[in-house]
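Please keep the structure in view while reading.

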Amino acid sequence: MAVPARDASDGRPADGGPAVRIGSPTGKWILLATVLGSSMALLDSTVVNVALPTIGRDLDASLAALQWTVNGYMLSLAGLILLGGSLGDRFGRRKIFVLGVMWFAAASLLCGLAPNVDVLIAARVLQGVGGALLTPGSLAIIQASFHPDDRSRAIGLWSGFGGVGAAVGPFLGGWLVDGPGWRWVFLLNIPVALVCAPVALRHVPESMGAGFKATATGAGTGTGAGTGTGTEGAHRGFDVLGAVLGALSLALVTYALIEARGGSPLVPIAAVAGVGAGVAFVYVERRRPDPMMPLDIFASRQFTAVNLVTLCVYAAFGGFFFLTALQLQVVAGYSALQAGTALLPTTVLMLLFSARSGELSQRIGPRIPLTVGPLLCAAGMLLMLRVGKDASYVADVLPALLVMGLGMVTLVAPLTATVLASVDTGRAGLASGINNAAARAAGLVAVAALPLLTGMGPEAYRSADAFDAAFRRAMPLCAGVLVVGAVLAFTTVRRPAPGCLRPECRRHGSLTAPPLEPERSRGVLGTPGPRSAGPSSTDPAS
């Protein structure tokens with residue numbers, strides 16, 4: 001039975017379509033729920049770095065254990081984020097979002113109560129699973145709930161508030177570590193979840209992907225066009241085998257890189273098995289009629305090229321922010337609060353200027369920004385070589401982070417725009433999800449590999465001299481990877497065709513991955529098209 005038409009001003013769907021207005025009470029509640037949920041996942045991908053030295057001392061953890069504390073979260077998040085979008089499309093986006101929020105809160109409680117580092121690592125893996133459930137769902141809910149005239153503004157607000165959360169994260173994390181203790185970095189998620197979940201259940205409309213039926217419950221009513229990020233409408237499958245193989249490949253390769261310094265006989269076995277799982281993943285995705293990651297999307301040379309640039313850029317970023325948080329505390333003698341505050345300029349620059357950078361890229365094309373941006377970031381990383389014992393923030397740290405921030409501002413928005421412009425409109429969310437997962441995978445591999453490549457011992461973070469020596473070897477490596485990315489961009493990226501798809505997340509501040517973009521049925525940002533009857537629309541409630 002179809003949902004009766006209602007006046008759009010009350011925030012309910014009209015004729016089964018998405019008609020929530022951004023100024024209505026329901027619209028404000030939806031924004032609150034989605035911002036709170038996505039901010040939890042975003043914060044825990046960055047804030048933990050500041051707490052690592054204290055966690056290591058408190059739990060008597062080795063450097064490898066600290067690597068796993070970071071990578072356990074990134075591993076499950078990167079490996080399962082595409083599957084998370086598919087789950088929302090099949091079982092209901094609100095349902096999976098709320099499940100992700102509560103799962104994340106339960107894992108955060110386990111992190112905060114962890115008696116040893118092994119329990120902490122396991123809890124971080126579980127946190128990543130929750131993040132993979134709620135992250136794509138938050139954007140998909142906005143896309144499926146709001147009236148087309150308000151959708152771009154709603155996505156902009158969601159992205160902007162998320163960026164503010166990313167900016168505040170390291171500062172808040174440092175304050176918590178130096179004050180109540182590092183466990184509160186995780187426990188803080190619990191009250192946020194206890195606000196987010198009831199708001200979502202009471203005020204967020206339920207929606208499903210094309211081909212699935214949504215049943216209205218409570219305030220949730222079926223919504224119209226727009227599918228979740230990482231989906232491809234009715235043609236997107238529930239590819240559990242692909243997700244498992246992808247995550248397994250990442251896990252085995254990560255294990256081999258982190259544990260290689262210990263000389264375990266399992267390391268070569270894990271490395272070979274990881275490569276084998278990767279090959280099996282490609283085989284499965286090629287053969288399945290409904291793959292999680294359709295390989296034909298890489299037939300676009302531009303899409304393949306920009307994802308190679310993404311791998312280079314975010315591998316360098318992942319290694320940089322992991323090591324810099326330690327360098328500032330272990331070597332320069334900063335407190336956790338000082339280290340967290342020191343990193344603020346990079347995120348603030350992203351928030352202030354990312355939208356303008358995207359506009360500039362629309363005028364001059366993406367090749368120059370995607371070439372100059374990584375080179376600026378490489379210069380910023382080389383300037384970090386000046387940061388040693390008793391380093392001055394103003395003279396040594398700030399210039400490096402300002403240059404780094406300017407480089408990120410220059411490249412991130414054009415990177416997202418180029419990803420979207422390289423695929424058909426109906427695959428916007430899928431392309432964005434793949435690019436986001438690639439960035440997170442690159443970061444976790446870098447965190448696993450850099451200590452091995454720079455000769456860090458298991459106790460390196462306990463010695464200022466040992467860590468400083470390894471840091472000085474790591475920064476040129478990260479800069480070199482960025483230079484490779486710049487060369488790839490200059491030689492392979494071309495100006496998109498006029499009138500191609502443009503990003504809706506114009507303002508953002510994430511340092512670990514490019515912003516997610518929703519599925520769409522229109523070609524130009526800010527110009528709503530008619531409701532699609534094809535794969536990227538959503539079935540009305542019945």
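In this predicted model, helix H6 contributes 8 residues to the lining of the second largest pocket, the most of any element. H6 spans residues 148-178, and it is joined in this lining by helix H1 (25-44) and helix H8 (189-203), each of the three supplying at least two residues. The space in this second largest pocket amounts to about 260 Å³. Its lining comprises 18 residues, and those closest to the centre are Ser39, Leu43, Gly165, Leu172 and Leu188. Sorted by class, the lining of the second largest pocket holds 12 nonpolar, 5 polar and 1 charged residues.

The largest pocket may be described in the same terms. It contains about 540 Å³ of space. Its lining is formed by 24 residues, and nearest the centre lie Phe281, Met293, Ala437, Ala438 and Ala441. Which helices supply at least two residues each to this lining? They are helix H3 (63-91), helix H9 (240-259), helix H10 (266-287), helix H11 (301-331) and helix H16 (428-453). Of these contributions, that of H3 is the greatest, at 5 residues. The lining of the largest pocket has no charged residues; 18 of its residues are nonpolar and 6 are polar.

Among the elements, helix H17 (residues 464-492) has the highest mean pLDDT, at 96, whereas H6 has the lowest, at 82.

Two stretches of the chain call for separate mention. Over residues 1-15 the pLDDT stays under 50, and the model has 27 contacts beyond four places in sequence for them. Residues 522-542 likewise have a pLDDT below 50, and this stretch makes 78 contacts in the model beyond near neighbours in sequence.

The cysteines complete the picture. A disulfide is a covalent bond between the sulfur atoms of two cysteines. With a cut-off of 2.5 Å between cysteine sulfur atoms, the count of disulfides comes to 0. Are Cys196 and Cys377 buried or exposed? Cys196 counts as buried because its relative accessibility is 0%. Cys377 is buried because its relative accessible area is also 0%, and the limit for a buried residue is under 20%.

Terms used:
Residues numbered from 1 in each chain as written. Predicted model: local features only at pLDDT ≥ 70, side-chain atom pairs only at ≥ 80, totals over all residues. Heavy atoms only, no water. 1 Å grid on protein atoms, 1.4 Å probe; cavity = no way out; pocket = protein on both sides within 12 Å on 5 of 7 lines; lining within 4 Å. Points joined across faces, edges and corners; volume = space filled by probe spheres on them. Helix = DSSP H or I, 4+ residues; strand = E, 2+ residues; numbered from the N terminus. Nonpolar A, V, L, I, M, F, W, Y, C, P; charged D, E, K, R; others polar. pLDDT = per-residue confidence, 0-100. Contact = heavy atoms within 4.5 Å. Buried < 20%, exposed > 50% of the residue type's maximum accessible area, 1.4 Å probe, protein only.
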